[in-house]
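Trainee: I would like to learn how to read aromatic rings in a structure. Please show me the example first.

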Amino acid sequence: MTGVALGLVGVFASLKIQGVKYSATSSLVQNDNNYTLVQSYTQYVQSDKFNKYMKKEIKNSKWRSKDYRNDYSIALATSGSTSPFFTLTAVSKNEKYSEFLISTATGVFVEHIGQYFSSANVSVVNVKKTAGTYKLKSRLFKVGIIGFIIGAVIAFLVALRKMLFAGVIQDGMFISDVYGVKLLGSFDLNQESK
């Protein structure tokens, strides 16, 4: 029971502390046969130049006054070294903001990638307009399991301590009550010897 309780406490604490994050994605494709460029696009998404363009777009949007406007991440994932397809993912704590971010990041990427790589020829395959929760189930499952294990270990240690260090014989009648053996005799350790 302690394990379940600590597992639930861990799940609720994780939700309260970290909150729920939302992700939105877009799929893009390298149009020519120069697939080796796709592996380098990650560097561009992480560059100061890309971040400067993103901040400029956010500053010119309705999100400019929100306190979480800078609390987001944009990541690029490739489909392998020989695939022309790749995805952009935007993650933030607000569902609508994630949707805005992926639209903006996709636009910024397509518009400015040619300045970073002169032979880049990229097209948008699709932009997922609705954001979904970002790794929520797996994160809560991990936290719940860890809390359950910690709670079970604590309960085991408390029970072990109780068995090892608590007095086994509670009173003078314990042996006769539990084992059915008649009381043979007793003595008081507090009496002074004469």
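Trainee: How many aromatic pairs does a search of the whole structure find?

Mentor: Rings of Phe, Tyr and Trp (its six-membered ring) pair if their centres lie within 6.5 Å; planes under 30 degrees apart count as stacked, over 60 as edge-to-face and the rest as tilted. Here the search finds 9 aromatic pairs. One of them is edge-to-face, because the ring centres of Tyr72 and Tyr97 are 6.4 Å apart and the planes stand at 85°. This is a predicted model: local features need pLDDT of at least 70, side-chain atom pairs count only at pLDDT 80 or more, and totals for chains, interfaces and linings use all residues. Residues are numbered from 1 along each chain as its sequence is written, and side-chain values use heavy atoms, with hydrogens and water left out.

Trainee: Which parts does the pair of Tyr72 and Tyr97 tie together?

Mentor: Helices (H or I, at least four residues) and strands (E, at least two) are DSSP runs, numbered from the N terminus. Tyr72 belongs to strand β2 (residues 72–78) and Tyr97 to helix α4 (residues 95–116), so the pair ties together parts 25 residues apart in sequence. The rings of Tyr97 and Phe100 also pair: their centres are 6.1 Å apart and their planes at 15°, so this pair is stacked. Both Tyr97 and Phe100 lie in helix α4, 3 residues apart, about one turn of the helix.

Trainee: Is Tyr97 buried or exposed?

Mentor: Buried means under 20% relative accessible area, exposed over 50%, partly exposed in between (1.4 Å probe, protein chains only). Tyr97 has 0% relative accessibility, so Tyr97 counts as buried. Tyr72, at 18%, counts as buried too.

Trainee: What does Leu101 touch, leaving out residues up to four places away in sequence?

Mentor: Contact means heavy atoms within 4.5 Å. On that basis Leu101 touches Met54, Ile58, Tyr72, Ile74, Ala90 and Ser92. Leu101 is in helix α4, and counts as buried at 0% relative accessibility. Leu101 and Met54 are 47 residues apart in sequence, but 8.4 Å apart in space, C-alpha to C-alpha.

Trainee: With which side chain does the side chain of Ser92 make a polar contact?

Mentor: A polar contact is a pair of N or O atoms within 3.5 Å; within protein, one must be able to donate a hydrogen and the other to accept it, and residues adjacent in sequence count only if both atoms are side-chain atoms. For Ser92, the partner is the side chain of Ser98 (2.8 Å). The Ser92 side chain also reaches the backbone oxygen of Asn94 at 3.0 Å. Ser92 lies in strand β3 (residues 85–92).
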